[in-house]
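User: I would like to go through the helix packing in this model, and then its pockets and backbone details. Could you take me through it?

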Amino acid sequence: MFRKLIRRDDMNVTKYQALLLGTDPKLADAVALVIRSDGASIGFAGNYSDSLRALQNHPPDLVLLDLKTAEADALNLLRQLKHHPPATPVFTIALAPSGENTAVVRAFDLGLNEFIQVPFENSLLRARLHGLIQLQHRLAELLRWQQELTEAVRAAEANSRAKSEFLAAMSHEIRTPMNGVIAMTSLLMETSMTPDQRGYLETIHNSSESLLTIINDILDFSKIEAGKMELEKRPFDLRACIEESLDMLAPRMLDKQVDLVYEADDRIPGLIEGDGLRVRQVLMNL
């Protein structure tokens, strides 16, 4: 993928728009000769206002700054680009004779990308321009990829959040039928029946309890993802909660020939306030 990007940039390296800020006509002719010989186009601005207007109306790929004839305007433009960067990257090149070190340093402090000393060789200027254009194209492509990736991540998060919110909202509707099955089987087990019938009914009851536990776990995860996890606060019998948890584990303990018992201190009250379902889940996990 990256190789394709480089080849496309190489093919389109001459198809760019440049802007020169300065008032030296000889420098303007020399720069225009190099740029137009590559099939690119160039515009000219004599001051900061004109260059800013050009950036807003027809954003160029490159901005060349003549620090000798337009130092103040060039620095103002660099400052503008630094504090208010355009949507598409714009690369800047300073053009200055030897001895203009102070202006060049100030320009780099404001975000200047490249410096070329004048007078320059045409081949050198052309090579620098080609390098910056390739870099500009690659950076613009990477920014597009980043934006697409960010949008894809947001869409995925929104879908996941919608799923979690739906499951969290369906919590009551999903639990109610299972609670009804468990309640009816519990009542039915109190009636007279044959040993085989009681065995079948106990299997149904235990399977319903296990299924309800799985449903509760799934709904709890969904509530956590949706940010709607809440703990109930109501009285429940702690000893009964422990015994029910052990009863659900009894068949597995019997298969493993393990005795599972519990002991509760007499100082623990019969009824406590909290979330009995969560306590039962904690005990089951332990």
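User: At what angle do H9 and H10 pack, and how far apart are their axes?

Analyst: This is a predicted model. In it, helix H9 (residues 238–255) packs against helix H10 (residues 276–285) at an angle of about 40°, and the axes are 10 Å apart. H9 and H10 are therefore oblique to each other.

User: Which residues make that contact?

Analyst: H9 contributes Leu238, Cys241, Ile242, Glu244, Ser245, Met248, Leu249 and Arg252, while H10 contributes Gly276, Val279, Arg280, Leu283 and Met284. The contact of H9 with H10 comprises eight nonpolar, two polar and three charged residues.

User: Is the crossing of H9 and H10 left-handed or right-handed?

Analyst: H9 passes H10 in a right-handed crossing.

User: And H4 with H5: roughly parallel or oblique?

Analyst: The axes of helix H4 (residues 71–83) and helix H5 (residues 101–109) cross at roughly 15°. Angles under 35 degrees count as roughly parallel, and H4 and H5 are therefore roughly parallel to each other. Their axes come within 9 Å, and the crossing of H4 and H5 is left-handed.

User: What is in the contact between H4 and H5?

Analyst: On the H4 side are Glu71, Leu75, Leu78 and Lys82; on the H5 side are Ala103, Arg106, Ala107 and Asp109. By class, the contact of H4 with H5 has four nonpolar and four charged residues, with no polar ones.

User: Changing topic: what volume does the largest pocket have?

Analyst: The volume of the largest pocket is about 890 Å³. It is lined by 32 residues, of which Asn179, Glu209, Leu212, Leu277 and Arg280 are the closest to its centre. Arg280 also belongs to the contact of H10 with H9.

User: Which elements supply the lining of the largest pocket?

Analyst: Helix H7 (171–189), helix H8 (195–226), strand S6 (234–237), H9 and H10 each supply at least two residues of the lining. H8 provides the largest share, eight residues.

User: How do the lining residues of the largest pocket divide into nonpolar, polar and charged?

Analyst: The lining of the largest pocket divides into 10 nonpolar, nine polar and 13 charged residues.

User: Now the backbone. Is the peptide bond from Val118 to Pro119 cis or trans?

Analyst: The bond from Val118 to Pro119 is cis, with omega near 0°. Pro119 is in the loop between strand S5 (114–117) and helix H6 (122–169).

User: What about Gln257: what is its phi, and where does the residue lie?

Analyst: The phi of Gln257 is near 55°, a positive value in a residue other than glycine. Gln257 lies in the loop between H9 and strand S7 (271–274).

How values were computed:
Residues numbered from 1 in each chain as written. Predicted model: local features only at pLDDT ≥ 70, side-chain atom pairs only at ≥ 80, totals over all residues. Heavy atoms only, no water. Axes fitted to C-alpha atoms, helices over the stretch in contact; angles between N-to-C directions. Helix = DSSP H or I, 4+ residues; strand = E, 2+ residues; numbered from the N terminus. Parallel < 35°, antiparallel > 145°, perpendicular 65-115°, else oblique. Left-handed = near helix turned anticlockwise from the far one by under 90°. Contact = heavy atoms within 4.5 Å. Nonpolar A, V, L, I, M, F, W, Y, C, P; charged D, E, K, R; others polar. 1 Å grid on protein atoms, 1.4 Å probe; cavity = no way out; pocket = protein on both sides within 12 Å on 5 of 7 lines; lining within 4 Å. Points joined across faces, edges and corners; volume = space filled by probe spheres on them.
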